[in-house]
There are 2 protein chains.
Amino acid sequence: MAVADPIPAEYADLLERPTFAHVATVGPDGEPQNNPVWFDWDGERISFSQTTGRQKVRNVQREPRVALSIIDPDNPYRYLEVRGVVERIDPDPDKAFIDKMAKKYLGVDAYPWGQPGDERVVVVVRPEHTTKMG
Amino acid sequence: MAVADPIPAEYADLLERPTFAHVATVGPDGEPQNNPVWFDWDGERISFSQTTGRQKVRNVQREPRVALSIIDPDNPYRYLEVRGVVERIDPDPDKAFIDKMAKKYLGVDAYPWGQPGDERVVVVVRPEHTTKMG
């Protein structure tokens, strides 16, 4: 059941600060996959960058439901799980999004770890439900 | 393809130290679930405690494949994903396992956050495959 703003206000800081979201997706044979990502939160959507070759992108094209697990780096017993659906996958041809993430997480203007030929997309998640602790 | 020891030796410290594993499971409708847990690593199996009422226990009884995402708390750009299968679910009637975890993570002899009537089990995961970064 989607609601307009399912993120509890008292946990919004976990999305605003440079925390890591462990993103679980479901693979082609129904098996889970899980890894940490940088992400953006605009108050309505959680977005993260991926290179187009990654399994995670193919996973969410097939099965858009995802689950993000986020710990407060200052208190690991305070955490938020966000379940949602991938609403769209946008291109990032000029790397504007990954550079914005480099600013948020590294404090630099340009993403320093790009490889020649990398093609990037932005995976945009609409939160639908949360569970929380702490 | 299961192998005897799929954990890279240079990442074993992430399993030995009191890090948190974000455990992804798959729910009844094929959707992912994801949350952090304490865990034990005996050199062959990763084990974590759950109360029997938790959705996660029902999930792994139905779909034993799981994916654990673990960040180095001292360097978030060093991480390990462990994919594996739940090999068995053991009872923990005297709370020996959860107390052992309280020792590892909190440095205390007895788990301090138990609730009256809590029934606990130990979910035992056999690692099959890893991905890593850093």
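Trainee: What rotation and what shift along its axis superpose chain A on chain B?

Mentor: In this predicted model, a rotation of 180° with 0.0 Å of shift along its axis brings chain A onto chain B, at an RMSD of 0.0 Å. That is the relation of a two-fold axis. The C-alpha of A:Ala24 is the one in chain A nearest the axis, 2.9 Å from it.

Trainee: What makes S3 and S4 of chain A paired strands?

Mentor: Pairing requires at least two bridges between two strands. Two bridges join S3(A) to S4(A), residues 46–51, and therefore the two strands pair, running antiparallel. In S4(A), A:Ser47 is the bridge partner of A:Asp40.

Trainee: In what order do the seven strands of the open sheet in chain A stand?

Mentor: The order is S2-S1-S5-S6-S7-S4-S3, with antiparallel pairing.

Trainee: Why are S2 and S3 of chain A said to stand at the edges?

Mentor: Strand S2 (32–37) and strand S3 (40–41) of chain A each have a single partner strand, so one side of each is left without a neighbour in the sheet.

Trainee: Which strands do helices H2 and H3 of chain A lie across?

Mentor: Helix H2 of chain A, residues 55–62, lies across S1, S2, S4, S5, S6 and S7 of chain A, at about 55° to S1(A). Helix H3 of chain A, residues 96–106, lies across S3, S4 and S7 of chain A, at about 110° to S4(A).

Notes:
Residues are numbered from 1 along each chain as its sequence is written. Chains are lettered from A and ligands numbered from 1 in the order in which they are written. This is a predicted model: local features need pLDDT of at least 70, side-chain atom pairs count only at pLDDT 80 or more; totals for chains, interfaces and linings use all residues. Copies are superposed by least squares on the C-alpha atoms of residues with pLDDT of at least 70 in both. Helices (H or I, at least four residues) and strands (E, at least two) are DSSP runs, numbered from the N terminus. Two residues are in contact if their C-beta atoms, placed from the backbone, lie within 7 Å. Axes are lines fitted to C-alpha atoms, for helices over the stretch in contact, and angles run from 0 to 180 degrees between N-to-C directions.
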